[in-house]
Amino acid sequence: MHSFAYRANALITFALTILGVICAMASLSDNLNFPSPTAEVEVLNVNWFKKQAHGNDEVSLTLNISADLQSLFTWNTKQVFIFLAAEYETPQNSLNQVSLWDGIIPSKENAKFWIQIPNKYRFIDQGGNLRGKEFNLTLHWHVMPKTGKMFADKVVMTGYRLPKEYK
């Protein structure tokens with residue numbers, strides 16, 4: 001006959017194996033979800049556009065952000081981190097990314113939103129490269145699950161241009 005310790009060990013090992021299999025199946029079930037989020041960003045106003053004392057360009061924008069990210073939420077989604085970035089090219093760098101705004105969406109009920117805000121973070125270029133510059137606005141999101149791997153995606157919106165003169 002087996003001892004109590006042997007039986008307890010077998011029971012705990014079996015329970016943890018079942019728990020691991022259930023977590024793996026739950027994590028894999030998220031692969032069956034094909035989200036189709038939508039987002040639009042409109043630049044309503046260039047509040048100011050100036051050259052700083054040490055030569056860097058700085059811009060303040062008023063943005064209208066509307067998004068429907070409800071399809072990102074499944075039973076396994078804990079929260080979604082989103083951020084809006086301006087992306088542009090300069091002679092020094094082939095890709096510059098400046099974060100303008102971010103937020104955390106805690107639930108599916110909050111995942112469809114419309115906000116009108118100035119950029120939360122400063123839009124500064126190291127040098128005088130922003131006058132007349134074309135740029136893209138990219139909405140990035142990172143889905144944080146309760147179990148399993150985190151995944152990220154984005155939607156790129158093109159066709160934005162900064163003024164040619166300082167305001």
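This report describes a sheet, a pocket and a group of aromatic residues in a predicted model.

## The four-stranded sheet

Four strands, arranged in the order β4-β3-β7-β8, make up an open sheet in which the pairing is antiparallel. At its edges stand β4, which covers residues 96–105, and β8, which covers residues 151–161, and each of these two strands pairs on one side only. On average, and with direction ignored, neighbouring strands of this sheet are turned by 20 degrees against each other.

Within this order, strand β3, made of residues 77–88, is joined to β4 by nine bridges in the antiparallel sense, and A85 is found opposite S99 of β4. Strand β7, made of residues 134–145, is likewise antiparallel to β8, with nine bridges between these two strands; one example of the pairing is L139, whose bridge partner in β8 is V155. The strands β7 and β8 also form a hairpin, with five residues between them, and in the turn G148 has a positive phi of about 105 degrees. As a general point for reading such a sheet, side chains in a regular strand alternate between its two faces.

## The largest pocket

Empty space of this kind can be located in general by rolling a probe the size of a water molecule over the atoms. The largest pocket of the model holds about 260 Å³ of space. Its lining consists of 16 residues, and those closest to the centre of the pocket are S27, D30, N31, K149 and F151.

Two elements that each supply at least two residues of this lining are α1, which spans residues 4–29, and the strand β7.

## Aromatic residues

Across the whole structure, a search finds six aromatic pairs. One of them is formed by F123 and F135, whose rings are arranged edge-to-face, with 6.0 Å from centre to centre and 75 degrees between the planes. This pair links distant parts of the chain, since F123 belongs to strand β6, residues 123–125, whereas F135 belongs to strand β7, and the two residues are twelve residues apart.

Both F123 and F135 are buried. These two residues also take part in one aromatic cluster, which is formed by Y88, F123, F135 and Y160.

Definitions and conventions. Residues are numbered from 1 along each chain as its sequence is written. This is a predicted model: local features need pLDDT of at least 70, side-chain atom pairs count only at pLDDT 80 or more; totals for chains, interfaces and linings use all residues. Side-chain values use heavy atoms; hydrogens and water are left out. Two strands pair if DSSP finds at least two bridges between them. Axes are lines fitted to C-alpha atoms, for helices over the stretch in contact, and angles run from 0 to 180 degrees between N-to-C directions. On a 1 Å grid over the protein atoms alone, a cavity is a set of points where a 1.4 Å probe fits but cannot get out, and a pocket is an open set with protein on both sides within 12 Å along at least five of seven lines; lining residues have an atom within 4 Å of a point. Grid points are joined across faces, edges and corners, and a volume is the space filled by probe spheres set on the points. Rings of Phe, Tyr and Trp (its six-membered ring) pair if their centres lie within 6.5 Å; planes under 30 degrees apart count as stacked, over 60 as edge-to-face and the rest as tilted. Buried means under 20% relative accessible area, exposed over 50%, partly exposed in between (1.4 Å probe, protein chains only).
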